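Please read them against the coordinates.

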Amino acid sequence: MRVLPHAAPPRVLVLHGSLFDVRLSGKPVRCMTTTLAAMSGAEAAVFLLVAVGAIVVGLIVSFRRKDAPAAAARSLAVRLGGSFEDGGLFGEPQVSLTLGGRPAWIEYYRGVLNNFQSSWTRVVVGIRGVSPGSLHILQEGFGQAFLKIFGAQDLNVGDEDFDSRYVVRATPESLVTRVFRPEQRHRVIASAQRLRNLRNPTIDLDTNTLIVQVREYVGNERDLMELVKTAEEFLTYVLVASPPTGIEFGEVQAAGGGLCLVCGTALREALVRCENCKTPHHAECWNYMGRCSTYACKGRRTTA
Ligand SMILES: [Zn+2]
Ligand SMILES: [Zn+2]
């Protein structure tokens, strides 16, 4: 590059790119070109490269800021006293917070799972060591392959309308009776139904976590808050549901030794392993949750 020292500094700088053009004008350009005039060719080239780099990074950052889910998650993190990570350029945003005194996360996923476009948003609460078993609540018509794992089990919670529209599975089965006991049944049902307008909501309790998940990328704070509320309420329902004797609890605690982390039943054929931690899952259970169910593992792909 050659800059003529006495030429009048231009007022407009236009950069042509393959995706978009950047046009700068006014004082910053006069300053830039005056600075450039004082530099050697190599210095000026480096300066220009850095300037263009800064503009591109600025544009990318501003695009990401406009990403609605990230903005909703950031705002919710502030409201609930949690922390927000934007996940960088290619990652997903994540919020860390505390619910009912336990560590919790809001996680997003946007990607492809087994050749299908798959997105989910979930609130995860860590309950390792205090989980009373495995419990799954989903709307009729969703998760058919996953439900086959449980065989003919069809648990009623004692509310005809709810029982006709939702599927409830549990290990041990008595957990359903305790969670949906008459004195709190209407509240538990209301907590589950709060999510009925979101795509394929599920409430899943396993040995490590309580997860409230919908199969969509939740882009507004109000819906995100509904997920958090349902998680917070179910946390209280399941934690007070711990059995008085340790017998059933002991059975469930054996998960990890030959039992699937998601459904709590024996691991048979058609297993997949997490790419990160190699923990085996039923293929149906992995597809249902959309990721690894090992506590704090971020695995989202399986390995042969
Ligand atoms: Zn399973
Ligand atoms: Zn894993």
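How many residues does helix α8 have, and how far does the helix reach from its first C-alpha to its last?

1. The model is a predicted one. Helix α8, residues 221-239, has 19 residues and reaches 27 Å between its first and last C-alpha, close to the 27 Å expected at 1.5 Å a residue. At the start of α8, a side-chain oxygen of asparagine 220 comes to within 3.2 Å of the backbone nitrogen of arginine 222.

2. The buried residues of α8 include Leu224, Leu227, Val228, Phe234, Leu235 and Val238.

3. Ten salt bridges are found in the structure. In one of them glutamate 221 meets arginine 79, at 2.9 Å from N to O. This pair links distant parts of the chain, with glutamate 221 in α8 and arginine 79 in helix α3 (residues 68-79), 142 residues apart. Arginine 79 counts as exposed because its relative accessibility is 53%, the cut-off for exposed being over 50%.

4. Because arginine 194 lies in the loop between α7 (185-193) and β9 (202-205) while glutamate 233 is in α8, the pair ties together parts 39 residues apart in sequence. Both side chains are partly exposed: arginine 194 has a relative accessible area of 25%, and glutamate 233 one of 23%. Arg194 and Glu233 belong to a network of salt bridges that also links Glu226 and Lys229.

5. Glutamate 107 and arginine 122 form a salt bridge at 3.6 Å, N to O. The former lies in strand β5 (residues 102-113) and the latter in strand β6 (residues 116-126), so parts 15 residues apart in sequence are tied together. Both glutamate 107 and arginine 122 are buried.

6. The zinc ion (ligand 1) is coordinated by Cys260 (SG), Cys263 (SG), His282 (ND1) and Cys285 (SG), at 2.0 to 2.3 Å. Angles among the four donor atoms are 99 to 116°, and the site is tetrahedral. The donor residues follow the spacing C-x2-C-x18-H-x2-C. Cysteine 260 counts as buried, at 0% relative accessibility, and cysteine 263 is likewise buried at 0%.

7. Three strands make an open antiparallel sheet in the order β12-β11-β13. Strands β12 (280-282) and β13 (302-303) stand at the edges with a single partner each, so one side of each has no neighbour in the sheet. Strand β11 (residues 271-274) pairs with β12 over three bridges, and valine 272 has histidine 281 of β12 as its bridge partner.

Terms used: Residues numbered from 1 in each chain as written. Chains lettered and ligands numbered in written order. Predicted model: local features only at pLDDT ≥ 70, side-chain atom pairs only at ≥ 80, totals over all residues. Heavy atoms only, no water. Donors = N, O, S within 2.8 Å, 3.2 Å for Na, K, Ca; no water. Tetrahedral: all angles 85-135°; square planar, octahedral: opposite > 155°, others 65-115°. Buried < 20%, exposed > 50% of the residue type's maximum accessible area, 1.4 Å probe, protein only. Pairing = 2+ DSSP bridges. Helix = DSSP H or I, 4+ residues; strand = E, 2+ residues; numbered from the N terminus. Expected span 1.5 Å × (residues − 1). Polar contact = N/O pair within 3.5 Å; in protein donor to acceptor, adjacent residues only side chain to side chain. Salt bridge = Lys/Arg side-chain N within 4 Å of Asp/Glu carboxyl O.
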